[in-house]
Amino acid sequence: MNDTQEDYLSMFNVVIERCEENIDLISPIPMLVQTLADFKAKVQEIKDTAMEQGTVLTGIAEEKRNLKRNLAYRSNITAKIVSGYASTQENLVLKAEVDYSEYELFTMRDEIIHAHCQNIHDRAQENIAALADCGLTPQIIADMQQAITDFEDFSAAPTLALNKRKIATETLITLFVETKQLLRERMDTNMSLFKLTDMHFYRLYKVSRKLRKSGGRKRKKKEVVVEVSDEEIK
């Protein structure tokens, strides 16, 4: 959420708190009870959506980087063993197919590294019998294949998280518009009854409807209180 949205959410919470503190006054009025329930539901929806919006991408990116580093590390070891074997056989084609350093593999684009690593794996698998004398075991090759699979499975996670956060951000805009409209057009109008029956509660409600602007996170400013006019409360 941005600063303005947080300010509004804070105001929404105060409104709910004041209403619940005086629920004995609200309970006899079915329309107001329903309006309060709808308002609380909207506010909860805002909170739930804000949690989705706050999806942490740093951890996802770090996990992906670790998986890629592991893939490059394992693939390079296999590539070196295959390359050494290819040299003894004077097989220049095989040597060229696996000629990648760990750095080259790690710095490849995510979209292509798995293809190159898979090729290294496949060349090793094709020569597994001969490579046994070089110390390359089926388990090493299997672990490399698992590293390829793990990276492929996780590679889309950051993009999916970004898309999820984007949708949540757009949803929040709509939810705040709807919640403010509900508060203004239903809650405020219903509360006007208390100007006749309980002025003290009406004044408490009016105070709860004040929007306190935090002034942003980067630069601390003096808190500003915005009065809600009688026209808005009516």
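**Helix packing, nonpolar cores and aromatic pairs**

Thr49 touches Ala168, Thr171, Leu172 and Leu175, with residues up to four places away in sequence left out of the count; contact here means heavy atoms within 4.5 Å. Thr49 belongs to helix α3, where helices (H or I, at least four residues) and strands (E, at least two) are DSSP runs numbered from the N terminus. The relative accessibility of Thr49 is 9%, so the residue counts as buried. Buried stands for under 20% relative accessible area, exposed for over 50%, and partly exposed for values in between (1.4 Å probe, protein chains only). The model is predicted: local features need pLDDT of at least 70 and side-chain atom pairs count only at pLDDT 80 or more, while totals for chains, interfaces and linings use all residues. Residues are numbered from 1 along each chain as its sequence is written, and side-chain values use heavy atoms, with hydrogens and water left out.

Helix α1 covers residues 3-21. At 1.5 Å a residue, its 19 residues should span 27 Å, and the end C-alpha atoms are 27 Å apart, which agrees; the expected span is 1.5 Å times one less than the number of residues. The N-terminal end of α1 is capped by Asn2, a side-chain oxygen of which lies 3.2 Å from the backbone nitrogen of Thr4. A polar contact is a pair of N or O atoms within 3.5 Å; within protein, one must be able to donate a hydrogen and the other to accept it, and residues adjacent in sequence count only if both atoms are side-chain atoms. Gln5, Asp7, Leu9, Met11, Phe12, Val15, Ile16 and Cys19 are the buried residues of α1. Their cover includes α2 (23-26), α3 (30-53), α10 (157-191), α12 (199-208) and β1 (211-213).

The largest nonpolar core has 24 residues, of which Phe12, Phe39, Leu183, Met187 and Met191 touch the most other members. At least two residues of this core come from each of α1, α3, α10 and α12, and α10 gives the most, with seven residues. A nonpolar core is a set of buried Ala, Val, Leu, Ile, Met, Phe, Trp, Tyr and Cys residues joined through side-chain atoms within 4.5 Å. Leu183 touches Met11, Phe12, Val15, Phe39, Asp188, Tyr205 and Arg209, again not counting residues up to four places away in sequence. A second, separate core of 23 residues includes Leu67, Ile81, Val82 and Val98.

Four aromatic pairs are found in a search of the whole structure. The ring centres of Phe12 and Phe39 are 5.6 Å apart and the planes stand at 85°, so this pair is edge-to-face. Phe12 lies in helix α1 and Phe39 in helix α3, so the pair ties together parts that are 27 residues apart in sequence. Phe12 and Phe39 are both buried. A further edge-to-face pair is formed by Phe194 and Phe201, with 4.9 Å centre to centre and 85° between the planes. Phe194 has a relative accessible area of 3% and is buried; Phe201, at 0% relative accessibility, also counts as buried. Tyr8, Phe12, Phe39 and Phe176 are linked into a cluster by ring pairs. Rings of Phe, Tyr and Trp (its six-membered ring) pair if their centres lie within 6.5 Å; planes under 30 degrees apart count as stacked, over 60 as edge-to-face and the rest as tilted.

Lys180 lies over the face of Tyr8, at 4.3 Å from the ring centre. The charged end of Lys68 sits over the ring of Phe106, 5.8 Å from its centre. For such a placement, NZ of Lys or CZ of Arg is within 6 Å of the ring centre and within 35 degrees of the ring normal.

Phe151 is placed in helix α9 (residues 138-154) and, at 1% relative accessibility, counts as buried. Phe151 touches Lys64, Leu67, Lys68, Leu71, Asp110 and Ile113, not counting residues up to four places away in sequence. The C-alpha atoms of Phe151 and Asp110 are separated by 9.0 Å, and the two residues are 41 residues apart along the chain. Asn66, in helix α4, is 85 residues from Phe151 in sequence and 9.2 Å away in space, C-alpha to C-alpha. Asn66 is partly exposed, with a relative accessible area of 34%.

Glu90 is found in the loop between α4 (57-88) and α5 (92-97). Glu90 has a positive phi of about 50° although it is not a glycine, and its relative accessible area of 69% makes it exposed.
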